[in-house]
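Open the model in your viewer and keep the sequence panel beside it. The stops below go from overall confidence to the sheet and then to a single side chain.

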Amino acid sequence: MERRPDLIDSYGRRISYVRLSVTDRCDLRCRYCMSERMEFLPRAELLTLEELVQVADAFIARGVTRIRLTGGEPLVRRGIGQLVTWLGERLGNGLEELTLTTNGTQLARFAADLRAAGVRRVNVSLDSLDPDRFRHITRRGELADVLGGIAAAKAAGLRLKVNMVALKGLNEDEIAPMARWCASEGHDLTLIETMPLGTVEDDRTDHYLPLDAVKRNLEQSFTLTPSLGRTGGPARYYDVAELGLRLGMITPLTGNFCTGCNRVRVAATGTVYGCLGQDQKIELRDTLRAGQSLDPALDALMQAKPKGHDFEIAAPRPAVARHMSVTGG
Ligand SMILES: C[S@@+](CC[C@H](N)C(=O)[O-])C[C@H]1O[C@@H](n2cnc3c(N)ncnc32)[C@H](O)[C@@H]1O
Ligand code: SF4
């Protein structure tokens, strides 16, 4: 692939990581993420599989080495197996890593294909190990499907990281048990603070649980040592000595992770956001459909990428959130 100038924003940050949403649809309705009566976009507004590959290629040609597929739920996108195969063909030719963030409900079906296409790691979202609570939080999910998916992924040789949104009154008493379970299964664990994204019926302030309080609580039972490696993403990592567990914490409201930001996010419609917490965006779909180069749009994105986000828990930003995954990097 022809290499063109790297993507470097006006604050000198080099963009090497893209989160690519492949659909806005999902088979679950997690309370903190989607409305019960979610309205999805007409299909024509979503990029086709071929267009998603074109977007990926445009980023790879500009120095992006890691792509994470997300959604909505990426594994409910029709043709996702084909898309992963196509993107997998870019590995070793500019692309260094292809990963996926999934709710795991369809993972048993896809695990072997993902591995065959070159995926080595997946993030699976799992907020509870109790079937009733899981159904309550996701409004419809069957825990057994997700656990089956996780087991299949492990058997296929994929490394797993569990993403758990910490929710006051819903799963806070399960955080230590989840850490033990992940350690015993050989999975990493990342805890996520709820973010003020999207339009949902629940009042998120009711379930907002600051991770500094979670950390203090865990430290009553475990030794948490800050881990040196940063990924350029929003997580801080700790080694939990007693469990041999790598524990990530994503604290968008209480922590600042913008200085080293190396990423941009592409919605399934082809809208690229320079930052999750700001509305700065560039549309790629019309340019793609006109058969034109995406480079000028990517350059404009770099010029305008904001210095940082400005979340407030009471101020949702539905325009940003609707078609994209927010975390799990
Ligand atoms: C939007 S989902 C998309 C991928 C896939 N459907 C999944 O659930 O993993 C990506 C991640 O964002 C998290 N998430 C969604 N809404 C959130 C919110 N309001 N605050 C914090 N995390 C959220 C989910 O828990 C999940 O780990
Ligand atoms: S967090 Fe993931 S699984 Fe849950 S509703 Fe949102 S997109 Fe679907």
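**Confidence first**

Colour the chain by pLDDT (the predictor's confidence in each residue, from 0 to 100): the average is 90, and 88% of the residues score at least 70. Next select residues 313-329, where the pLDDT is below 50; beyond near neighbours in sequence, this stretch has 68 contacts (heavy atoms within 4.5 Å) in the model.

This is a predicted model, in which local features need pLDDT of at least 70 and side-chain atom pairs count only at pLDDT 80 or more, while totals for chains, interfaces and linings use all residues. Residues are numbered from 1 along each chain as its sequence is written, chains are lettered from A and ligands numbered from 1 in the order in which they are written, and side-chain values use heavy atoms, with hydrogens and water left out.

**The sheet**

Show the strands (DSSP runs of E, at least two residues, numbered from the N terminus). Twelve is the count to look for: the open sheet of 12 strands runs β7-β8-β9-β6-β5-β4-β3-β2-β1-β10-β11-β12, with mixed pairing. β7 (224-226) and β12 (281-283) are the edges; each has a single partner strand, so one side of each lacks a neighbour in the sheet.

Select β2 (66-70) and β3 (97-102): they pair (at least two DSSP bridges) in the parallel sense over 4 bridges. Arg-68 has Thr-99 in β3 as its bridge partner.

**Arg-121**

Finish in β4 (121-125), which contains Arg-121.
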